[in-house]
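Please keep the picture open while you read.

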Amino acid sequence: MNVRKQPILFLVSSALLLIVFWVTLLPVQLGGWVTYVIVDGISMEPGFSRGDLVLVRSASTYGVGDAVVYRDANMDSFVFHRIVGLELDRFVLQGDNNDWLDSYRPVRDEIIGKLWVSVPRLGEAIEWLRMPLHLSLTVGLLGGFLMLDLFTKKTQNKKERVALPAA
């Protein structure tokens, strides 16, 4: 392959990868289709545990068996439970680990989305990074790591200059 085509191929493939990432994983708040939720209880165990990251997407229909996120107006919070029935235009939900049904019955418009992907324990890492001290330490270490390459190149250049014979 021509040496000049390699950087262009790399740029094009990187741009396509970025576009695919943007379209599939962009949060709803930025115009995408995905809502990110961190599980914060034990009601969906054993399938989903505290600290799991759950990605949900809006669907045209929801049915019995779907794990969904909905806004509970009584608790003023978001809930991740499974649809177990229908009552007229309202959904009956229950946590997989609960013996009781949810008291709140959301309508279609109150459902944020249906389970698309879940990543065990990734929510814990995100929560850890959300703490200002942890985020600043992580950014500082990443910056130091990136700058380490600069210092390494400078010392290599100095060694090369010293090794050259004087004319």
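At 37% relative accessibility, Glu 127 counts as partly exposed, a label for values between buried (under 20% relative accessible area) and exposed (over 50%), with a 1.4 Å probe and protein chains only. Its partner in a salt bridge is Arg 130, and their closest N and O atoms are 3.0 Å apart. Here a salt bridge is a side-chain nitrogen of Lys or Arg within 4 Å of a carboxyl oxygen of Asp or Glu. Arg 130 is exposed, with a relative accessible area of 58%. Because the two residues are three apart in helix 2 (residues 122-130), about one helical turn separates Glu 127 from Arg 130. Helices (H or I, at least four residues) and strands (E, at least two) are DSSP runs, numbered from the N terminus.

Another salt bridge joins Glu 124 and Arg 121, at 2.9 Å from N to O. Glu 124 is partly exposed at 35% relative accessibility, while Arg 121 is exposed at 55%.

## About the model

This is a predicted model, in which local features need pLDDT of at least 70 and side-chain atom pairs count only at pLDDT 80 or more, while totals for chains, interfaces and linings use all residues. Residues are numbered from 1 along each chain as its sequence is written, and side-chain values use heavy atoms, leaving out hydrogens and water.

## A link between a loop and a strand

How many salt bridges does a search of the whole structure find? The search finds six. One of the pairs is Arg 105 with Glu 87, whose closest N and O atoms are 3.5 Å apart. Arg 105 lies in the loop between strand 5 and strand 6, and Glu 87 in strand 4, so the pair ties together parts that are 18 residues apart in sequence. Arg 105 is buried at 19% relative accessibility, whereas Glu 87 is partly exposed at 43%.

## A buried charge without a partner

Asp 102 is found in the loop between strand 5 (90-94) and strand 6 (111-119). Asp 102 is buried but has no salt bridge. The nearest side chain of opposite charge (Lys and Arg count as positive, Asp and Glu as negative; His and the chain ends are not counted) belongs to Arg 105, 6.8 Å away. Leaving aside residues up to four places away in sequence, Asp 102 touches Tyr 70, Val 79, His 81, Leu 93, Gln 94 and Gly 95, where contact means heavy atoms within 4.5 Å.
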